[in-house]
Amino acid sequence: MEKTSSPEAPAIFTLTSALSLLATLVLLGAAYWVSTLYLPRNASGKIRVLAVWHLFDVLIHTFLEGSYLYSCFFAYSPLASISSFPAHQRDAMTAPGVYFMGQKDRLYGAFYGTTIMSKLWQEYAAADKRWGGSDLTVISLELLTVGVMGPLALYVFTLLARAKYRQAWFWACVIATGEIYGGWMTFCPEWLSGSPNLSGEWFHLWIYLFFFNTIWVWIPFWILYQGYFVLQPYRNLQFLAAAIYRPELHPGRGAMTSVASALGFFSRKPHPSSNHSNQYFLCTHNFSRTMTESTNQPLFGLYQPRPLQALYYGTECVKKHLLSCLPSEQSKAFILTGSSLANKTPLIKEVESLLGDRHASTFSDIKQHAPVAELDKATELVLKDDKIDTIISVGGGSPIDSAKAISYRLHEKNGRWLHHISIPTTLSVAECTQLAGYTTEDGVKTGIAAPEIAVNVIFYDPHFGAQTPSKLWLGTGCRALDHAIETLYNPTATEITKAATLQAAKTLFELLPQAKQSHGKDDDLTTKLFLAAYGSLGFIGLNLKGGLGLSHALGYALGSPYGIPHGETSALTLGHVVKLKAQTDKDAAVQIARLIPLLGLQASGDSQKDATLVGDKVLDLVKELGFTETLSDRKIGKDQVDIITERATKQKEGTVYDAVKKLVENLY
């Protein structure tokens, strides 16, 4: 127990006042100094502010407010001697008949202590009397502040020091919400009762009450505002389902549902009372309707376009407009590409020359399917140069997806997103999505998704497309056709999306055979194919949900594990998948049959029959383009059938598994 004393009422500004203000500045300085020791060198200014604030929060909550709680529980005066204290220190601050800690013969609080910290709180109590005694609301809030918010703020600082910025922003928002709520609960009871405990003297009112308390309002509001934009991509699971349409990006239940949806099956175990050993229903469309804003009957929907600042197309559009698309006059650009484009074509040197002194560096070792090892190397290069604010991907899906992944990783490290300019050289249209796929060390495709990694500016320049080998160009054209048709029958695609994919599919059917004969010789033909490819996926928007389709699921099961380019996996699988959908999914058949008149064919009125004919036309096109290799031709043994099927379906048995296995067997 502390020895009691009977101090006189504090003056307006005393030595204690000066020391208390100095102590606050010392704690702020200490927080800044520690932050310089532990934060990553390349942390942004915003991250540094967040770190200093939370370390300052820790010090204030622990040393200052912790000492307040100490005074509340261990400094007291017997009621018998309370008359010796000034009148404003004799209030029990509890309701009649209520005693702090059940002690009827004493009063607790900083008013009755003699330590330096008690004197500090006596000083603050001159502004708000409750902090000198044992106000139950204030003590309850401070127990949470010291016991929960302090350690949590320290945890946020450790996350920032380890460059785990997204997690840090989440917990920072939790703390900010708690501090705003705590401030409201501290002062609202006072305002509702006429503020009997608050001082009206200017120094106490404006320095202690207004300035110091509103700091814990404005900064938490700033944190919530900034945190909204950092955490917005993860704000609900429905967005993740909409953004991550690739099966390998949502393993488990999501992938199983996606493939079941792709096939048109919704399987279940037989009911004990049923005579059937295996029941399944063609009801995927009705099942999906519960998770989507779009329906076919009645025609109803919501289209949410993705952000895109500009799309340039045509001869020499890169030369004419690249520099104007950099974010600022001081921007530095990092070029990401593959070794073939860098070493076997003049394209990368041309882009570097166009950039001039705005060019930071080039990484030209991105390989097919974007292996994570190369991704790590490129990310480290970007992290070493704080001036880089733009990434320019030149090439096909691997450089484009890698650029998006680098931007995501950079944001994880220092809170910055990169401005992404894409110059595609293929028709795979990775530039159209807000996700990035890459290959892990064990050869499995995985990835991430966030709206902020979407490409900001796209250049469809035929000069760049013309440098692509014919087989790769035509293969990625098959990939674009895969996007168009599988989007067409995706149950969550909007009618706006379908209108674009129908036209895209029509153009691809017409122009890909021409490109086989004259690729690289006709700028307009190349540009039209670029735009058709964009139409196949560029209008999916932000609200398409689930897996894009079975052909894509099979493509990822076949692609990186066996070294098959995704364009060629689409050539292998799409026609067969379309025919399977025609036979097993009536809703999908209706959508696929919409292509019949666009292909110059006469509709029969039987959507199942017409959709099957579209599948045959896809197979004919693939053959015409020269993609005739089977899995056997690629030296993939039939012992891999079960592995491929399991990868595509994320299942080991059942109706869906059996149907996909049969399809895979037909690819040999």
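The model is predicted: local features need pLDDT of at least 70, side-chain atom pairs count only at pLDDT 80 or more, and totals for chains, interfaces and linings use all residues. Residues are numbered from 1 along each chain as its sequence is written, and side-chain values use heavy atoms, with hydrogens and water left out.

**Whole chain**
- The protein chain has 24 helices and 12 strands (DSSP runs numbered from the N terminus: helices are H or I, at least four residues; strands are E, at least two).
- Among contacts (heavy atoms within 4.5 Å) between residues at least 6 apart in sequence, 79% join residues at least 24 apart.
- Carbon and sulfur atoms hold 59% of the accessible surface of the protein chain, which comes to about 29,100 Å² (Shrake-Rupley method, 1.4 Å probe; for residues, only the protein chains shown count as cover).

**Helix H1**
- Leu15 lies in helix H1 (residues 15–38).
- Leu15 is exposed, at a relative accessible area of 62%.

**Helix H2**
- Helix H2 (residues 45–74) has 30 residues and should span 44 Å at 1.5 Å a residue; its end C-alpha atoms are 42 Å apart, which agrees (the expected span is 1.5 Å times one less than the number of residues).
- At Gly66, H2 bends by about 30 degrees (the angle between axes fitted to the seven residues ending there and the seven starting there).
- H2 is mostly covered, with 21 of its 30 residues buried.

How values were computed. Buried < 20%, exposed > 50% of the residue type's maximum accessible area, 1.4 Å probe, protein only.
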